[in-house]
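Welcome! Take a moment to look over the sequence and the model, and then we can walk through some of the details together.

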Amino acid sequence: MGLGVGRTAVVKRRSLGRAGAAFLVAAGLVLTGACGGGGDSGGGAGGGGDDLTVGVLLPGGGASRFGQFDRPLIEKRLKELCPGCPAATVAATAEPAVQRQQLDAMITRGVDVLIVAAVDPKALRSSVEAADRADIPVVAYDRLAQGPISGYVTFDGDTVGRLQAEELLKAMGDKADGGQIVMMNGATTDPNAGWYKRGALAVLEGEVKIGKSYDTVGWRPENGYVNMSGAISALGGENIDGVLAANDSLAGAVISALNASAVRPLPPVTGQDADLAAIQRIVQGSQHMTIYKPFEPAADAAAEMAVALGRGETVDDIATGTVDSPTDENIPAVLLPSVAVTVDNIEETVVKDGMYTIDQICTPKLRPACDKAGLTP
């Protein structure tokens, strides 16, 4: 999200603007079709409204945030923008090597434009360069892949980190003055993780002691669990006054480790992505907060950029600024705001926006806690 590994991205803002294909993921095959008219897909940008195919590559499917929210929203907006176009060709994986194969397969099959949420932005560079050689524009989604990117849509990572840190300090109360925390950061292969981390440190440094800080390999919860168990052993559970966990999966792993070590009371724990399980933990009281990133504006902007680029148009009216990556400069970008969610504003955020219903959140087991939080059908 706006930053490359080992290099701080330069974010240049301007006034806010407007924000039947089949696939076989295992084989990496993509079938393309025509948009609005006949003719074979010729590959490359500039296909116009009569020959536009869009490939979408995501770092997760199924129950992941990308599978539940981003994918259907992107597909919906693409269909609105180009009703005669085939459905977006979608491939989802959490493995960098597989995603490279999927992207290469889409290039071979001749898509006109790509929307890519990179598993490993650096590892995907060669495939992005191959797309550029084939005159296929690439819109980076959520994570800024390296290589020649034509547009970028994400949430402001500095704001995410700052919101997490600010809410953590609030929850720590008197212990926010000199207390000790653990930082459970994301993977170093993800430029977003460094962005969040820097935003958080800008708030935390000078306020609390960072007893342990981990960069979680692969963002994997099992690695977060091991790291948190190590922190408890090294620091003592009673000496941990808060945990800044970079996302909700890591937050869940942190809380599991704290429970396994019988740490009581639980220290406040942050998160990100507003996963349903995290919202339920917030209601229950084991997780303090999460970051809600309204996915529809992001999906809309990515689809709008993709269709414009696929038709040979510019994205100047869509972008709200530009960013630099380690390999490219002045990439047109849309940087969107995020919202901190605590037990006090669940109804005004994720419920109001239709992300979840109160019935989905408030299982029978959580009904007493939901009543206490004012979450009633």
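## Two disulfides

The disulfide of cysteine 362 and cysteine 370 is left-handed, because the torsion about its S-S bond is about -100°. This is a predicted model, and the sulfur atoms of cysteine 362 and cysteine 370 are placed 2.1 Å apart in it. Cysteine 362 has a relative accessible area of 7%, so it counts as buried. Cysteine 370 is buried too, at 0% relative accessibility.

How many disulfides does the structure hold? There are 2 of them. The other link joins cysteine 82 to cysteine 85, with 2.0 Å between the sulfur atoms. The link of cysteine 82 and cysteine 85 is right-handed, with 60° about the S-S bond. Is cysteine 82 buried or exposed? With a relative accessibility of 4%, cysteine 82 is buried, and cysteine 85 is buried as well, with a relative accessible area of 8%.

Cysteine 370 sits in helix H12. Setting aside residues within four places in sequence, cysteine 370 is in contact with Val283, Cys362 and Leu375. Along the chain, cysteine 370 and valine 283 are 87 residues apart, while their C-alpha atoms are separated by 6.4 Å.

Valine 283 brings us to helix H8, which spans residues 276-284. The buried residues of H8 are Ala278, Ile279, Gln280, Arg281, Ile282 and Val283. What covers these buried residues? The cover includes helix H7 (248-260), helix H10 (347-351), helix H11 (358-361) and helix H12 (367-373), together with strand E12 (290-292) and strand E15 (339-341). After H8 comes glycine 285, with a positive phi near 105°.

Where is aspartate 273 found? Look in the loop between H7 and H8. Aspartate 273 counts as buried because its relative accessibility is 13%, which is under the 20% cut-off.

Neighbours within four places in sequence left aside, the contacts of aspartate 273 are Arg65, Asn247, Asp248, Thr290, Ile291, Lys293, Phe295 and Met355.

Now find valine 307, which has its place in helix H9 (residues 295-310). Valine 307 is buried, at 5% relative accessibility. Not counting residues up to four places away in sequence, valine 307 touches Leu52, Leu78 and Leu81.

In sequence, valine 307 and cysteine 82 are 225 residues apart, yet in space the distance is 7.9 Å from C-alpha to C-alpha.

## One face of helix H3

Helix H3 covers residues 125-133, and Ser127, Val128, Ala130 and Ala131 are buried in it. Why can these buried residues be said to line one face of the helix? Seen down the axis of H3, they fall within an arc of 155°, so they line one face.

Helix H2 (96-109), strand E6 (113-116) and strand E7 (138-141) are what the buried residues of H3 pack against. Just after H3, aspartate 135 has a positive phi of about 60°.

## The largest pocket

How much space lies in the largest pocket? The volume is about 780 Å³. Its lining is made up of 32 residues, and the closest to the centre are Pro59, Arg143, Gly218, Trp219 and Asn247. Asn247 has come up already, as one of the contacts of aspartate 273.

Which elements give two or more residues to the lining? They are helix H1 (65-81) and helix H5 (191-204). H1 gives the most, with 4 residues. Sorted by class, the lining has 14 nonpolar, 9 polar and 9 charged residues.

Conventions: Residues numbered from 1 in each chain as written. Predicted model: local features only at pLDDT ≥ 70, side-chain atom pairs only at ≥ 80, totals over all residues. Heavy atoms only, no water. Disulfide = S-S within 2.5 Å. Buried < 20%, exposed > 50% of the residue type's maximum accessible area, 1.4 Å probe, protein only. 1 Å grid on protein atoms, 1.4 Å probe; cavity = no way out; pocket = protein on both sides within 12 Å on 5 of 7 lines; lining within 4 Å. Points joined across faces, edges and corners; volume = space filled by probe spheres on them. Nonpolar A, V, L, I, M, F, W, Y, C, P; charged D, E, K, R; others polar. Contact = heavy atoms within 4.5 Å. Arc of directions from axis to C-beta.
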